[in-house]
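Subject: Structure handover

Hello,

Here is the structure for your files. My notes on it follow below.

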Amino acid sequence: MNCPKCNRLVDPATHGDLIFDGQVWCAECRVYGWELTRPRDFQEIKAWGPLIWTAFGYEPVLIEQDLKSLTDPTTFRKETSVLLAEADHRQRKVLFYPPGCRLSTLCHELAHIFTSQDHTPEWAATFARLVAWVRSQLANNHGPQGFSANLPIYPNRPRWTTSSS
């Protein structure tokens with residue numbers, strides 16, 4: 001696989017250095033938008049699942065949160081990294097840890113379930129398609145019922161007003 005912009009070879013196994021959005025890009029040529037990577041409430045992440053698998057015609061997936069990790073961060077903190085989520089292909093289940101409650105992580109894990117593969121070119125292409133679809137929904141402010149698809153980066157920022165004299 002090659003980055004569509006710079007033609008650099010991209011390896012799905014190094015997914016942390018890549019951007020999956022319609023195609024597989026190197027991180028120097030493309031970045032994820034804020035709405036794909038901002039932390040979201042687990043219930044919202046869970047609510048996005050049916051929207052995604054229905055749009056692509058996939059069977060439902062069980063989406064759960066590791067409740068122990070809410071009070072014990074050692075559950076998801078590893079020696080040199082942080083565990084965001086885990087996909088179980090056989091049980092069609094995704095288990096989320098608090099730092100992974102992001103739409104990009106949901107797409108990553110669902111791509112594992114939908115392809116029954118690890119970090120392969122087929123998985124990468126599926127991940128890229130899922131992200132592009134979610135991004136298109138966000139662009140139209142469509143998301144799960146009861147959740148705002150788009151939020152300001154600084155939700156508590158005071159509004160500046162000008163007064164005329």
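**The sheet and the helices on it**

Three strands make up an open sheet of mixed pairing, in the order S3-S5-S4. Two strands count as paired if DSSP finds at least two bridges between them; helices (H or I, at least four residues) and strands (E, at least two) are DSSP runs, numbered from the N terminus. Strand S3 (62–65) and strand S4 (85–88) are at the edges with a single partner strand each, so one side of each has no neighbour in the sheet. On average, neighbouring strands of this sheet are turned by 15° against each other, direction ignored.

This is a predicted model, in which local features need pLDDT of at least 70 and side-chain atom pairs count only at pLDDT 80 or more, while totals for chains, interfaces and linings use all residues. Residues are numbered from 1 along each chain as its sequence is written, and side-chain values use heavy atoms, with hydrogens and water left out.

S3 pairs with strand S5 (residues 93–96) in the parallel sense over four bridges. The bridge partner of Leu62 in S5 is Lys93. Helix H2 packs on the sheet, where H2 touches S3 and S5, and the direction of H2 makes about 170° with that of S3. H3 also packs on the sheet, touching S3, S4 and S5, and its direction makes about 20° with that of S4. Contact here means heavy atoms within 4.5 Å. Axes are lines fitted to C-alpha atoms, for helices over the stretch in contact, and angles run from 0 to 180 degrees between N-to-C directions.

**H2 against H3**

The axes of H2 (residues 42–56) and H3 (residues 103–115) come within 11 Å and cross at roughly 50°. The two helices are therefore oblique to each other (under 35 degrees is roughly parallel, over 145 roughly antiparallel, 65 to 115 roughly perpendicular, and the rest oblique). On the H2 side, Ile45, Trp48, Gly49, Ile52 and Trp53 meet Leu103, Leu106, Cys107, Leu110 and Phe114 of H3.

**The hairpin**

Strand S1 (residues 18–21) and strand S2 (residues 23–26) run antiparallel, joined by four bridges. They form a hairpin with one residue between them, and Gly22 in the turn has a positive phi of about 80°. Ile19 stands opposite Trp25 in S2. Leu18 and Phe20 point one way from S1, Ile19 and Asp21 the other way, and all are buried (under 20% relative accessible area, with exposed over 50% and partly exposed in between; 1.4 Å probe, protein chains only).

Regards
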